[in-house]
Amino acid sequence: MRRELMRLEMRDLRLAVAMDELKTLTQAAQRLHLTPSALSHQLADLEGRLGALLFERSGRRLIATHLGELLCANARRALAGVEDVERVLAGVERIAAGRRVG
């Protein structure tokens with residue numbers, strides 16, 4: 001039986017990276033312009049879809065599990081790739097806008 005791939009969203013990647021870098025739900029929520037409650041719900045949804053914990057809670061601090069570390073490392077690369085594409089497209093848009101004006 002073949003298992004389907006889980007679909008990740010950009011917000012999942014940003015959530016994981018912010019939580020890994022900042023180590024607290026409150027600070028990660030501030031970075032992502034969310035309430036801590038909303039971020040907690042998003043994390044619970046992501047962990048539910050995965051069927052595994054991404055972060056262990058130690059008081060208020062969050063510590064990435066092995067799966068969390070794997071997700072964060074790959075999320076950083078994916079987000080950097082998206083930023084590269086956005087920069088390329090912004091450059092193309094500026095060139096196209098210059099051609100329309102001139």
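Ala64 touches Asp20, Leu54, Phe55 and Glu69, leaving out residues up to four places away in sequence. The model in which these contacts are found is a predicted one. Ala64 is part of strand β2. Its relative accessibility is 14%, so Ala64 counts as buried, the limit for that word being under 20%. Another residue, Thr26, lies 38 residues from Ala64 along the chain, and the C-alpha atoms of the two are separated by 16 Å.

Glu47 sits in helix α3. Apart from neighbours within four places in sequence, Glu47 is in contact with Ala52, Leu53, Leu54, Phe55 and Arg57. Is Glu47 buried or exposed? With a relative accessibility of 9%, Glu47 counts as buried.

Leu54 and Phe55 lead on to the largest nonpolar core, which has 19 residues. The members that touch the most other members are Leu15, Met19, Leu39, Leu43, Leu54, Phe55 and Leu71. Which elements give two or more residues to this core? They are α1, α2 (25-31), α3, β2 (61-64) and α4 (66-101). Helix α1 supplies the largest share, 6 residues.

Not counting residues up to four places away in sequence, Met19 touches Thr24, Leu25, Ala28, Leu39, Leu43, Phe55 and Leu62. Among these, Leu39, Leu43 and Phe55 are listed with Met19 itself as core residues that touch the most other members.

Two packed helices are described by the angle between their axes and the distance between the axes. For helix α1 (residues 10-22) and helix α3 (residues 36-50), the axes come within 11 Å and cross at roughly 110°. Angles of 65 to 115 degrees count as roughly perpendicular, and α1 is therefore roughly perpendicular to α3. The crossing of α1 past α3 is left-handed.

Which residues make the contact between these helices? On the α1 side they are Arg11, Asp12, Leu15 and Met19. On the α3 side they are Leu39, Gln42, Leu43, Asp45, Leu46 and Arg49. By type, the residues of this contact divide into 5 nonpolar, 1 polar and 4 charged. Leu15, Met19, Leu39 and Leu43 take part in this helix contact, and they are also among the core residues that touch the most other members.

Terms used. Residues are numbered from 1 along each chain as its sequence is written. This is a predicted model: local features need pLDDT of at least 70, side-chain atom pairs count only at pLDDT 80 or more; totals for chains, interfaces and linings use all residues. Side-chain values use heavy atoms; hydrogens and water are left out. Axes are lines fitted to C-alpha atoms, for helices over the stretch in contact, and angles run from 0 to 180 degrees between N-to-C directions. Helices (H or I, at least four residues) and strands (E, at least two) are DSSP runs, numbered from the N terminus. Angles under 35 degrees count as roughly parallel, over 145 as roughly antiparallel, 65 to 115 as roughly perpendicular and the rest as oblique. A crossing is left-handed if the near helix is turned anticlockwise from the far one by less than a right angle, and right-handed if clockwise. Contact means heavy atoms within 4.5 Å. Ala, Val, Leu, Ile, Met, Phe, Trp, Tyr, Cys and Pro count as nonpolar, Asp, Glu, Lys and Arg as charged, and the others, Gly among them, as polar. A nonpolar core is a set of buried Ala, Val, Leu, Ile, Met, Phe, Trp, Tyr and Cys residues joined through side-chain atoms within 4.5 Å. Buried means under 20% relative accessible area, exposed over 50%, partly exposed in between (1.4 Å probe, protein chains only).
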